[in-house]
Amino acid sequence: MELPADLTVLSPDGLYLWAPSGAAGAWGLANCLLVASGGEAALVDTPYDPRMTRALIAAADRVLPPGTEVTTVVNTHANGDHCYGNSFFPGAEIVSTQASLERHCHEITPQQMHHLVHVSDPDDPIGWYARERFGSYEYADTRVVPPTLTFSGSYDLKVGGVELRLIEVGPAHTAGDLVAHLPGQGVVMAGDIVFPEDHPVHWEGPLAEVARACEDVLALDADRIVPGHGGVIGPEGLRAHIAYLRELEGLIHERHARGQGPYEAADAILADGFHPHLGAPERVVMVTFVEYHHLAATGAAPDMAALASHAARWAYDRRHAATGG
Ligand SMILES: [Zn+2]
């Protein structure tokens, strides 16, 4: 994992990106956006673990005028890689959707992650997967701080002279996704509804809703879209990502119609060479289970732990393969 020492300037009027990077298919390396203007500062998303959050704060300190503190934190959704760093900003207003706040109790906790990475059976697929993909993160001291100000629909903020429109686009990636639109800068921080460099996971789904949320972002007419993970893209990159989502939806529905089970369907879609250059193919297994869940229309929310075990099993069975993200 590479933690950047410096923020990237997205706009000279106080818009900065902190973008950690790592191997293809890595989990936990989410982008954070810093808005600093007129002696005020806000952060959209906080990093996954204390080491990462300290690196982000050090990078932010190099650009923030003396005495300027982050007093507003926005969480695009409730997954830990977008909000576990919240406790490093004591006193800040933590803004997210009401649906995200309600989602917090369904999330896998840092304590559960610590257990999976350090205590669970390493020869069990989920114990093996947790160690392989999450073993470099610290969970022991992470305290989850949920949102302190929530909204449904949209919420407008001003950070100095910069306008920040928060728009609820979930349920899609999770139950409570929001995007942050900065109309004056032509930028949208999209969170994980846009996830273009690896196979994405979408915990809530269905894929039609994720594609619809991406269309909503496209309609904002921004020049630059900051995904939850990976490099900044333009509208054409987002259109390509929407095409990926629709293609996957079609393939899954076709196999469902043929009576195939979700695990076998995902396995066959990957074996047929579905975007083989993308990392984390096991996330296609998760997305397929979510899609089947919606096709079964039980009304219950998809179970995150069950999704993680299906993906872990698929990756574990292929752990000796030369490729696979
Ligand atoms: Zn994420």
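Which side chain meets that of Asp272 in a salt bridge? I looked this up and found Arg255, with 3.1 Å from N to O; I take a salt bridge to be a side-chain nitrogen of Lys or Arg within 4 Å of a carboxyl oxygen of Asp or Glu. Before going further I noted that this is a predicted model, in which local features need pLDDT of at least 70 and side-chain atom pairs count only at pLDDT 80 or more, while totals for chains, interfaces and linings use all residues. I also noted that residues are numbered from 1 along each chain as its sequence is written, and that side-chain values use heavy atoms, with hydrogens and water left out.

**Entry 1: salt bridges**

I placed Asp272 in the loop between helix H7 (262-271) and helix H8 (282-296), and Arg255 in helix H6, so the pair ties together parts that are 17 residues apart in sequence. Helices here are DSSP runs of H or I with at least four residues, strands are runs of E with at least two, and both are numbered from the N terminus. For accessibility I use relative accessible area, with buried under 20%, exposed over 50% and partly exposed in between (1.4 Å probe, protein chains only). On that scale Asp272 is exposed at 60%, whereas Arg255 is buried at 10%.

I then checked Arg258, whose side chain meets that of Glu254 in a salt bridge of 3.2 Å, N to O. Arg258 is exposed, with a relative accessible area of 54%, and Glu254 is partly exposed at 42%.

Glu215 and Arg246 form a further salt bridge, again listed at 3.2 Å from N to O. Glu215 belongs to helix H5 (residues 207-218) and Arg246 to helix H6 (residues 235-257), so this pair ties together parts that are 31 residues apart in sequence. Both partners count as partly exposed, Glu215 at 32% and Arg246 at 39%.

I also recorded a network of salt bridges that links Arg103, Glu107 and Glu204. My search of the whole structure gave 11 salt bridges.

**Entry 2: the sheet of 7 strands**

I next followed an open sheet whose 7 strands have the order S1-S2-S3-S4-S5-S6-S7, with mixed pairing; two strands pair if DSSP finds at least two bridges between them. Its edge strands are strand S1 (8-11) and S7, each of which pairs on one side only. Neighbouring strands are turned by 25° against each other on average, direction ignored, where axes are lines fitted to C-alpha atoms (for helices over the stretch in contact) and angles run from 0 to 180 degrees between N-to-C directions.

Within this sheet, strand S3 (residues 32-37) and strand S4 (residues 40-44) pair in the antiparallel sense over 5 bridges, and Leu33 stands opposite Val44 in S4. Helix H1 (residues 50-61) packs on the sheet and touches strand S2 (15-18), S3 and S4, its direction making about 150° with that of S2.

How is strand S6 (residues 93-97) placed, enclosed or open? I found 4 of its 5 residues buried, so S6 is largely enclosed by the rest of the structure. Strand S5 (residues 70-74) pairs with S6 in the parallel sense over 3 bridges, with Val73 opposite Ile94 in S6. S6 is also joined by 3 bridges to strand S7 (residues 149-151), and these two run parallel; the partner of Thr97 in S7 is Phe151.

**Entry 3: the sheet of 5 strands**

I traced another open sheet of 5 strands, in the order S8-S9-S10-S11-S12 and with mixed pairing. Strand S8 (154-159) and strand S12 (224-227) stand at its edges with a single partner strand each, so one side of each is left without a neighbour in the sheet. Strand S9 (residues 162-168) and strand S10 (residues 178-182) run antiparallel and are joined by 4 bridges, and Glu168 has Leu178 in S10 as its bridge partner.

**Entry 4: a helix pair**

Last, I looked up helix H4 (residues 125-134) and helix H9 (residues 304-317), which pack at an angle of about 85° with their axes 8 Å apart. H4 and H9 are therefore roughly perpendicular to each other, a label that covers 65 to 115 degrees, with under 35 roughly parallel, over 145 roughly antiparallel and the rest oblique. In contact (heavy atoms within 4.5 Å), Pro125, Ile126, Trp128 and Tyr129 of H4 meet residues of H9 including Ala308, Ala312 and Arg313.
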